[in-house]
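Please look through the sequence and the 3D structure shown below before reading on. The report that follows takes up one part of the chain at a time.

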Amino acid sequence: MDQYYTAIVSALVMCIIWCIKTSLNPARRTRPLPPGPRGLPILGYLPFLGNNLLHQFADLAQRYGPIYKLYLGNKLCVVINSPSLVKEVVRDQDSIFADRDANIAALAATYGGKDISFSSLNSEWRTMRKIFVREVLSNKSLQGSYNLRKEEVRKAISRVYKDAGKPVHFGELSFRTEINVIMNLLWGGILEGEECERVGEEFREVVTKIVDLLGKPNIADFFPVLARFDIQGVKKEVEGYVKSMDRIYDDVIARCRKMLCGEIKREGKKDFLQVLLELQEKEDPEMPISLRQIKAIFMDVVGGGTDTSATTIEWVMANLLSNPKAMEKVQKELSEVVGLNNIVEEFHTPKLKYLEAVLKETMRLHPPVPLLVPRDPSIWECPSEFKPERFLDGNEKCDFSGNNFHYLPFGSGRRVCVGLPLAEKMLMYLLASLLHSFEWKLPDRETVDMSATFVIVLRKTTPLLAIPSPSVMKFDGVVIEGALFDATSDMDVGGGGGGGGAADEDTAGDGDGDGDDDGAIICVFLIPT
Ligand code: HEM
């Protein structure tokens with residue numbers, strides 16, 4: 001915190017002349033703006049921002065209405081908080097608002113915004129999004145990669161089984177599973193066994209730190225004139241982490257190039273890196289792609305696809321462990337849909353309507369990327385209560401696609417989360433498997449702490465630990481507790497095997513297109529002045 005205040009004081013001294021000049025700018029004075037809190041000269045509302053931004057913005061919405069402004073240093077920030085305004089921004093005027101104003105940490109983490117997430121709305125962004133959807137996230141690609149997800153989920157179950165009775169750290173377990181799936185999608189079996197585990201662990205440490213830094217208030221973002229001084233050292237720190245990820249990418253890319261040269265024969269479907277390197281070598285003017293872009297996309301997928309999903313799984317389990325009735329209903333549904341004699345397969349998950357409602361309700365109360373604070377009593381009945389039923393009985397259509405402007409866990413419009421189809425599959429599959437294979441309880445005398453810390457992801461402040469005991473299963477009338485958890489076994493008692501079952505909608509698009517009772521839908525746009 002000291003560092004933060006030192007930075008504010010430095011900002012004061014260094015910006016004074018420049019800010020006076022800016023505030024005398026007639027364009028700024030005459031621009032029609034919505035109401036909002038006044039804040040201090042030069043610093044604006046910055047000194048009043050607390051740790052719980054979401055609740056603070058929600059309180060301001062109650063005072064200033066559906067659209068208000070605040071100055072954060074030199075940045076004008078406009079907050080909107082009604083479904084009709086959200087629609088106007090993410091749908092009707094999408095082409096204007098879909099651009100990004102990436103902060104310094106984000107630019108440092110993505111080779112200068114060369115990725116998909118923090119790229120400006122330009123042809124490079126469109127190309128990368130198109131390639132990613134086509135090669136990784138189309139229905140066909142997702143069905144083709146089912147075996148890979150199955151293998152990683154079974155490894156996770158097997159790991160938990162081996163340590164049954166000991167507390168499981170949900171965040172760690174889910175991150176490990178997600179990162180293994182993602183590494184396999186990106187570069188196939190280039191990293192295997194212990195090496196793959198070691199790299200996965202390195203990614204977990206580094207991604208967590210980068211995500212923290214992306215959400216850290218950095219004075220240089222609010223006073224761009226200070227950017228070159230990097231007073232809080234945020235840029236330097238991010239660059240250090242990027243370097244360690246870069247080493248891994250360079251190594252994997254070199255090995256993949258070797259394979260492409262034909263020194264090592266590869267069979268089967270091409271992985272994503274292979275496709276990208278081939279495109280790069282072809283120098284296709286329709287799909288130009290540079291090495292920096294390839295690494296930047298990896299950053300998006302490794303960063304954007306792991307922490308978000310792991311956090312979501314942790315919140316789902318936290319909600320279920322605090323709501324025994326909901327847990328009972330989930331278990332009952334799993335035994336009806338999957339059966340006690342079977343293993344969960346991905347084709348079961350579309351039939352798990354109650355579990356899906358639990359996931360949706362968790363993402364409403366604890367949106368991993370909080371674009372909204374969904375505690376508006378005019379939209380949600382008893383907004384702070386955990387009630388999965390609100391997503392059943394005719395409300396199933398309130399889906400993740402961003403078409404309901406009061407429910408946007410994956411965003412909306414042309415920048416809607418590109419990883420949504422994969423995220424949805426993995427979340428449902430891993431959750432169903434963990435809940436079907438084990439009964440979970442909290443360690444003795446512990447309760448679930450539901451407090452949240454907002455970085456760029458809404459994390460659980462205290463990691464969730466829970467103790468598994470294997471569910472007893474029968475196969476052909478014989479109790480086979482444990483046998484099903486051996487990931488190395490080929491046993492597939494679930495029927496259906498690796499096909500992936502139900503066809504899903506292609507929701508990805510391709511580039512076109514804690515319990516307080518307060519809040520509203522919040523979208524924040526930072527407008528440089
Ligand atoms: C629980 C899991 C996830 C959540 C809650 C989530 C949420 C989000 C949100 C809210 C956005 C911003 C949308 C907007 O600006 O309107 C986003 C963008 C993005 N997500 Fe996800 N995401 C998840 C998983 C994933 C996965 C698994 C991947 C990759 C495999 C991924 C890759 C991306 C990318 C690349 C973008 C940038 C899209 C663009 O700007 O065009 N996400 N995500």
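## A hairpin of two strands

Strands E1 and E2 form a hairpin with two residues between them, and in the turn Gly73 has a positive phi of about 60°. Helices (H or I, at least four residues) and strands (E, at least two) are DSSP runs, numbered from the N terminus. Two strands pair if DSSP finds at least two bridges between them; here six bridges join E1 (residues 67-72) to E2 (residues 75-80), and the two strands run antiparallel. Leu70, for example, has Cys77 in E2 as its bridge partner.

## How the model is to be read

This is a predicted model, in which local features need pLDDT of at least 70 and side-chain atom pairs count only at pLDDT 80 or more, while totals for chains, interfaces and linings use all residues. Residues are numbered from 1 along each chain as its sequence is written.

The pLDDT, which is the predictor's confidence in each residue on a scale from 0 to 100, has a mean of 83 over the chain, and 81% of the residues reach 70 or more. It stays under 50 over residues 7-20, and it also stays under 50 over residues 482-529. For the complex, the predictor gives an ipTM of 0.99 and a pTM of 0.86.

## The chain as a whole

The chain has 19 helices and ten strands. Of its 529 residues, 43% are buried, a term used for a residue with 20 or more other C-beta atoms within 10 Å of its own, whereas one with 12 or fewer is exposed and one in between is partly exposed, with C-beta atoms placed from the backbone.

A residue is near a molecule if its C-beta atom, placed from the backbone, lies within 6 Å of it. There are 24 residues around the ligand, of which Gly305, Thr308, Gly411, Cys417 and Gly419 come nearest. The elements that give two or more residues to this shell are helices H15 (291-304), H16 (307-322) and H19 (420-437).

## Cys417

Cys417 lies in the loop between helix H18 (353-365) and H19. The UniProt annotation "binding site", from an unreviewed entry, covers Cys417; such annotations may be inferred rather than shown by experiment, and their positions are given in the numbering used here, with feature names shortened.

Why does Cys417 count as buried? Cys417 counts as buried because it has 25 C-beta neighbours inside 10 Å. Leaving aside neighbours within four places in sequence, Cys417 is in contact with Phe410, Gly411 and Ala423, where contact means that the C-beta atoms of two residues, placed from the backbone, lie within 7 Å.
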